[in-house]
Amino acid sequence: MSDRKPPYHELKSKMKEAEALIHVLRTHQVDAIVGERHIMLVRLKQAEEKLKNSRDQLRALAARLQSIRENERAVIAREIHDEFGQALTSLQLGLSWIARKVTPQQRPVQAKIRSLSALVTTMIRSAKRIAVELRPGALDELGLVKTLQSEAREFEGHTGIRCRFETNLGKATFDRVGSVAIFRIAQAALTNVARHAHASRATIALMKRNNDLMLTVNDNGKGTTKELVHSHNSLGIIGMRERALVLDGTLTLRGSKGKGTTLTVRIPLSRIL
């Protein structure tokens, strides 16, 4: 066998071939990596688009459901006011007529009439209250600010929990859909305070902050937990979040044991003006 070494130019040629091969392999690797990253970016973009479309669909569905609920509430409120309310008023008038026909000697009958009349009066007031809760007509007549102020007074009167209303909006007006949503959120929050908070005072605040409208309801009750806030069984909280979502808003709920709970809703002013 010959021990002759290859000429220098042959070695150089082979080295160039090897370098060219390495370059090709590296280029293919880079192309593969770039290609994979491009595919990943495209897929990520598609996933983001699908997520956005899903959110838009959920928002539209939530808005539709809220509209249906409000329409159903309005129908029930009218039926209570027109049918049930008128029947109770007729009953009250009938009892007054009977009372005029009863002689002074018929004291047991008089006492019974007074008892029934008081009961009917209570039922009439309850029917009016339920109708107003179902269809807050004060929103159309007074606007959101004064309606919330009135709600705070009524809440204090019904529950004995001191309730203060604060605002920096003056006589600002908002559209019907936005006003109803904000009112319903405040109403639901106060219901939670009355039922679960064991509080002695509460505050409703409706404030303009830059380009947002902020609704805050807080109390000095027993507080809440993260589990309850994020629970799928907390239908009241879910309902409030749905109403905020319809208006492109956010809802947060924070509380600590023994230090009360604060609900904050932030909604773009452009969505409710």
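Leu144, Thr147, Leu148, Glu151, Phe155 and Thr159 of helix α4 are in contact with Ser179, Ile182, Phe183, Ala186, Gln187, Leu190, Val193 and Ala194 of helix α5. Contact means heavy atoms within 4.5 Å. By class, 9 nonpolar, 4 polar and 1 charged residues form this meeting of α4 with α5. Ala, Val, Leu, Ile, Met, Phe, Trp, Tyr, Cys and Pro count as nonpolar; Asp, Glu, Lys and Arg count as charged; the others, Gly among them, count as polar.

The model is predicted, so local features need pLDDT of at least 70 and side-chain atom pairs count only at pLDDT 80 or more, while totals for chains, interfaces and linings use all residues. Residues are numbered from 1 along each chain as its sequence is written, and side-chain values use heavy atoms, with hydrogens and water left out.

The protein has 7 helices and 5 strands. From the N terminus on, the elements follow the order α-α-α-α-β-α-β-β-α-α-β-β. Helices (H or I, at least four residues) and strands (E, at least two) are DSSP runs, numbered from the N terminus. The protein has 273 residues, and 30% of them are buried. Buried means under 20% relative accessible area, exposed means over 50%, and partly exposed lies in between (1.4 Å probe, protein chains only). Among contacts between residues at least 6 apart in sequence, 70% join residues at least 24 apart.

The geometry of the helix pair comes next. Two packed helices are described by the angle between their axes and the distance between the axes. Helix α4 covers residues 144–159, and helix α5 covers residues 176–197. Their axes come within 11 Å and cross at roughly 15 degrees. Axes are lines fitted to C-alpha atoms, for helices over the stretch in contact, and angles run from 0 to 180 degrees between N-to-C directions. α4 and α5 are therefore roughly parallel to each other. Angles under 35 degrees count as roughly parallel, over 145 as roughly antiparallel, 65 to 115 as roughly perpendicular, and the rest as oblique. The crossing of α4 and α5 is right-handed. A crossing is right-handed if the near helix is turned clockwise from the far one by less than a right angle, and left-handed if anticlockwise.

α4 has 16 residues. From its first C-alpha to its last, α4 reaches 22 Å, close to the 22 Å expected at 1.5 Å a residue. The expected span of a helix is 1.5 Å times one less than its number of residues. Leu144, Val145, Thr147, Leu148, Ser150, Glu151, Ala152 and Phe155 are the buried residues of α4. Gly160 follows α4 and has a positive phi, near 80 degrees. α5 has 22 residues and reaches 30 Å from its first C-alpha to its last, close to the 32 Å expected at 1.5 Å a residue.

His198 follows α5. This residue lies in the loop between α5 and β2 (201–209). His198 has a positive phi of about 55 degrees, although it is not a glycine. At 64% relative accessibility, His198 counts as exposed. Asp248 lies in the loop between α7 and β4 (250–255). Its phi is near 60 degrees, a positive value in a residue other than glycine. Asp248 is partly exposed, with a relative accessible area of 32%.

Val180 lies in helix α5 and counts as buried at 7% relative accessibility. Leaving out residues up to four places away in sequence, Val180 touches Glu70 and Leu139. Val180 and Glu70 are 110 residues apart along the chain, yet their C-alpha atoms are separated by 8.7 Å. Glu70 is also touched by Arg243, a residue of helix α7 (residues 235–246). With residues up to four places away in sequence not counted, Arg243 also touches Gln66, Arg73, Ala181, Arg184 and Ile185. Arg243 counts as buried, at 10% relative accessibility.

Thr167 is in strand β1 (residues 162–167). It is partly exposed, with a relative accessible area of 31%. Beyond residues up to four places away in sequence, Thr167 touches Val145, Leu206 and Met207. Thr167 and Leu215 are 48 residues apart in sequence and 9.4 Å apart in space, C-alpha to C-alpha. Thr203 is in strand β2 and is buried, with a relative accessible area of 10%. Thr203 touches Arg164, Glu166, Thr216, Val217 and Asn218, again not counting residues up to four places away in sequence.
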